[in-house]
Amino acid sequence: MTVRRRIPLWLRGVPWLALLVLAVVGICAIGGDDILPADPNQLNLADAFRPPFWAANGSVDNPLGTDNLGRDILSRILAGSRISVIVAAYAIVFSGGIGALAGLVAGYFGGVVDAVLMRLIEIQQSIPSIALALIIAAALEPGLSTVIFVIVLTYWAWYARIIRGEVMTLKGRDYIAFARVAGVGTPTILMRHLLPNIFNTLIVLATLQVGQVILFEASLSFLGLGIQQPDISWGLMLADARQYITNAWWAITMPGIAIMLTCLSANVFGDWLRDRLDPRLRQL
Amino acid sequence: MSRFLLHRLLQGLVSIVGASIVIFLISRLSGDPVQILLPSDATPEMIAETRRTLGLDLPLWHQYVIFAWDALRGDFGRSYRWQMPALRLILDRLPATILLAVCGLIFSVAVAVPVGVLSAVRPGGWTDRVGRIFAMLGQAMPAFWVGLLLILLFAVQLNWLPAFGYGGVSHIIMPAIALGWYPVAAQTRIVRSAMRDVLDSDYIRLSRALGTPERWIVWKYALRNAAVPLLTMLGVYFAAMLGGAFVVETIFAWPGVGRTVVEAVFSRDFPVVQAGVLFTSILFVLSNLLVDLTYGIVDPRIRDDR
């Protein structure tokens, strides 16, 4: 109890473990190849299929073992965090930006604009996101930008719907009416008076989206429709390892654990942030 | 009620038409199909001639109308690879996908209902705690990885189940678990909160006062009412299974629509991709419509209000 009392109120219940995992992922993403224990693309066929260090044939040089071409799995997992972070960052900025703008405009103006937006959202939601990804991948070249395009196309509607609802309740408040009577222009009302009030919601939605984006990217890359060789992605590592599932159990489990830990941490952190900033969103 | 349904039906129709426009437009992003069909040394006259026969010289909206009209009559063109009408190929593969989705749904409900009920009866008890941990893990594991782990454990290590293919009951166990894994967490949460509400109500308190055995109260009286939110959501989950089937079918070499479309993407078999995606979208919209229908059937109180 004595220890508890010394922690400031705003720091209580902070999910430190989740933050630690996210920090490691973030540092590996920014750090580049220099901070990795080994070159992630270095082939070493003599050392192929080396198990993790605790197994009979393992060595400390490759703590999590090597894949079919003798590449160090730990280094590849750490290097793979870069793609996850890049995809998550772009996807969130664009889908959040487009969704928030659409939600703001539709919620504030209502009428025809709102009706059109709602129809667009319904159309978007009538195509399963993986199916949408498949048809886009068939039409365009698969790769990083296609993955981001698909995710933005899938998630903008999610932001738009929730922000629209928030704006519709906010615009009935007195302070908005006062601003209008005082002659404040519509763009100023949207940007200065409404946007700051939906900002918490936006932050919470963005954090909760991180885990889903990482899972989505991994699934697309696993199917061969996402990130392509020689870029390193966790989903792609699993697709490679799948052929050698009888020889190397570690090649199947380790990248998956990386995906799971990252998503878990992002979700735990997102849940904490939501309870802190915007408990009304708990149904999500 | 009927006006509400009519409204929802219209809405569904608009969604499907919209989806077909999106699918048509995205397919046209791939560039000029003539370049794939003709040899590279084709003369300009040949190119113009092919464009005219394929209708590519028409304005875009006109091309869409032709596409939609053909689609309405069930004509999506012939599969380049399988040499048969694309729609027939998709319809041939549909039963396998529906079977898989239904089994996945059965698995998730079979886990979610008991866990949800037990954690509502004893909040903070061990079922509640273990259930929460599994829910957190479940939401962080991609379906394809769950599938790979199942193969690793039950096919490679223990040799209990076949790793892939289509056949008897043993073939469907792992794909169904992989597909049903993700929604378990959300379904458990729905059952748990519904049970908590119902267990708090007067008629349950009265049954308790009358000395009805607790087992009856929980599993018969309470569960019947608490199941309504989950039952009405089954359509949504079924729709989600159709989306998840694309990945799961690919891992387990399950001969359904999902795997066929994924393969068609790699062989640039456009008619099959279009037919498959549009067909999945229609099923998706229909199963969501079903949700609104089941509201009235499962809970008669709602029927007259609408």
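The model is predicted, so local features need pLDDT of at least 70 and side-chain atom pairs count only at pLDDT 80 or more, while totals for chains, interfaces and linings use all residues. Residues are numbered from 1 along each chain as its sequence is written, and chains are lettered from A and ligands numbered from 1 in the order in which they are written.

**Chain A**

Let's start with chain A, which has 10 helices and 0 strands. Helices (H or I, at least four residues) and strands (E, at least two) are DSSP runs, numbered from the N terminus. The C-alpha trace of chain A spans about 75 × 60 × 30 Å along its principal axes. Of the 284 residues in chain A, 46% are buried; a buried residue has 20 or more other C-beta atoms within 10 Å of its own, with C-beta atoms placed from the backbone. Two residues are in contact if their C-beta atoms, placed from the backbone, lie within 7 Å. Among contacts in chain A between residues at least 6 apart in sequence, 69% join residues at least 24 apart.

**Where the chains meet**

On the chain B side, 40 residues are in contact with 35 residues of chain A. The elements of chain B giving two or more residues to this side include α1 (2-28), α10 (214-251) and α12 (270-298). With 10 residues, α1(B) gives the most. By class, this side of chain B has 29 nonpolar, 10 polar and 1 charged residues. Here Ala, Val, Leu, Ile, Met, Phe, Trp, Tyr, Cys and Pro count as nonpolar, Asp, Glu, Lys and Arg as charged, and the others, Gly among them, as polar.

**The core**

The largest nonpolar core has 162 residues, and those with the most contacts inside it are L134(A), I135(A), V261(B) and V273(B). Such a core is a set of buried Ala, Val, Leu, Ile, Met, Phe, Trp, Tyr and Cys residues joined through C-beta atoms within 7 Å. Helix α5 (residues 86-121) of chain B gives the most to this core, with 17 residues. Leaving aside neighbours within four places in sequence, L134(A) is in contact with residues including L225(A), F246(B) and V277(B).

Axes are lines fitted to C-alpha atoms, for helices over the stretch in contact, and angles run from 0 to 180 degrees between N-to-C directions.

| Pair | Angle | Axis distance |
|---|---|---|
| α6(A) and α8(A) | roughly 155° | within 10 Å |
| α6(B) and α8(B) | about 135° | 8 Å |
| α10(A) and α7(B) | about 150° | 10 Å |

Key:
Buried ≥ 20, exposed ≤ 12 C-beta atoms within 10 Å, placed from the backbone.
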